[in-house]
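Here are a few exercises to work through with the model open beside you. Try each task before reading its solution.

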Amino acid sequence: MVEMEGSKSEELNLCFKKLMVYGASVGGEVGNMEVEVICEWKDVPMELLLRVLSLLDDQSVIRASGVCSGWRDAICLGLTHLCLSWCKNNMNSLVMSLAPKFTKLQTLILRQDKPQLEDNALRVIANHCHELQDLDLSKSFKLTDCSLYALAHGCPNLTKLNISGCTTFTDAGLIYLTGFCRKLKSLNLCGCVRAASDRALQAIGYNCSQLQFLNLGWCENVGDLGVTSLAYGCPDLKALDLCGCVLITDESVIALASRCHHLQSLGLYYCQNITDRAMYSLAQSSLNEKHKLRETVKSRCDEDGLRNLNISQCTALTPPAVQAVCDSFPALHTCPGRHSLIISGCLSLTSVHCACAVQAHRAPAMSAH
């Protein structure tokens, strides 16, 4: 590591020497304009430093921050995106040393293969990175609710938060966070079994009305009360993953169908309490929206309507109900290469086909005649 850092520093110094030689060769006057010679790193204009930094990877940026005060100041003022997922050891110490310097960060990716981050690092982030909007803490098994409390106070502008796999967080911490971070638009809680409860989802529905993307995969404590609260409190939901939420029933899907008219992606894998009633409610919601649009003489936005539906292992569903959904949402496909209606594990649904699959089947038959 030391050899690598030394090598990078030598490269930077070599680049500077070339720049200095070029500056000396054109120094003096050009016409009536005096040309300033660049003699040290600190003489390089801030705009040029920021341009150079934009071409470097995150590891090089960190090394560059130690070259001189000019580089450090440029990085502190200009760095808005940082990913430390490449750090396989000592990420906690690295974060604690960098966060006080990189105060303008808006995106911070701290995804880990093995747990390294601890609460003290999150406290430093919260104390210094007040402009943070996008934070990825996935697989941070060592973090506790103390981290959520710190983020609630220090990073109220969060719009995207990924805490998937953070199994030590509880619903108390999540409820507290949503009371302060009300601008959340994307929240990944996949595998957060203790944090994602009906109580927490009620708080999210109450506090986070701008939410558009929510992953609740394998949060087995989530039930109809929580999902219904989401549907009523977050009408702008575009994607909701409920895969493995084994407690939910038709009531959850009916609430989503009636309230979340911008829903494009819905994951119901292994939700075996879902029946035809839920499918017909989705199909009916499409008809209702089309009727409203005709009444207001507006064209339907291409973005609206289901584009992805995963009902794998929902073994209680029958072909007529699922076909009704497929017919109501043209963007749902069963044809090869375009699978967006996923029905694996449902042997009774093999007869369900999207419109283009039916057309493709009819074409050879028509050509034969």
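**Exercise 1. Find what share of the contacts in the protein between residues at least 6 apart in sequence join residues at least 24 apart.**

Solution. A contact means heavy atoms within 4.5 Å. Among contacts between residues at least 6 apart in sequence, 77% join residues at least 24 apart. Before you go on, note that this is a predicted model, where local features need pLDDT of at least 70 and side-chain atom pairs count only at pLDDT 80 or more, while totals for chains, interfaces and linings use all residues. Residues are numbered from 1 along each chain as its sequence is written, and side-chain values use heavy atoms, with hydrogens and water left out.

**Exercise 2. Follow cysteine 83 to its contacts.**

Solution. Start in strand E3, where cysteine 83 lies; strands (E, at least two residues) and helices (H or I, at least four) are DSSP runs, numbered from the N terminus. Next, leave out residues up to four places away in sequence: cysteine 83 then touches Asp58 and Ile109. Finally, take leucine 110, which is 27 residues from cysteine 83 in sequence and 6.4 Å from it in space, C-alpha to C-alpha.

**Exercise 3. Work out the strand order of the open sheet and say which strands stand at the edges.**

Solution. The open sheet has 10 strands in the order E3-E4-E5-E6-E7-E8-E9-E10-E11-E12, with parallel pairing. Strand E3 (81-83) and strand E12 (341-342) each have a single partner strand, so one side of each is left without a neighbour in the sheet. Two strands pair if DSSP finds at least two bridges between them. Now check one end: two bridges join E11 (residues 308-310) to E12, and asparagine 310 stands opposite isoleucine 342 in E12.

**Exercise 4. Decide how the buried residues of helix H8 are arranged around its axis.**

Solution. First list them: in H8 (residues 171-178), Asp171, Gly173, Leu174, Leu177 and Thr178 are buried, meaning under 20% relative accessible area, with exposed over 50% and partly exposed in between (1.4 Å probe, protein chains only). Seen down the axis, these buried residues fall within an arc of 160°, so they line one face of the helix. The arc is that of the directions from the helix axis to the C-beta atoms. Then look at the partners: the buried residues of H8 pack against H7, strand E6 (160-162) and helix H9 (198-207).

**Exercise 5. Describe how H9 is covered.**

Solution. Seven of the 10 residues of H9 are buried, including Leu201, Ala203 and Ile204. The buried residues of H9 pack against H8, strand E7 (186-188) and H10.
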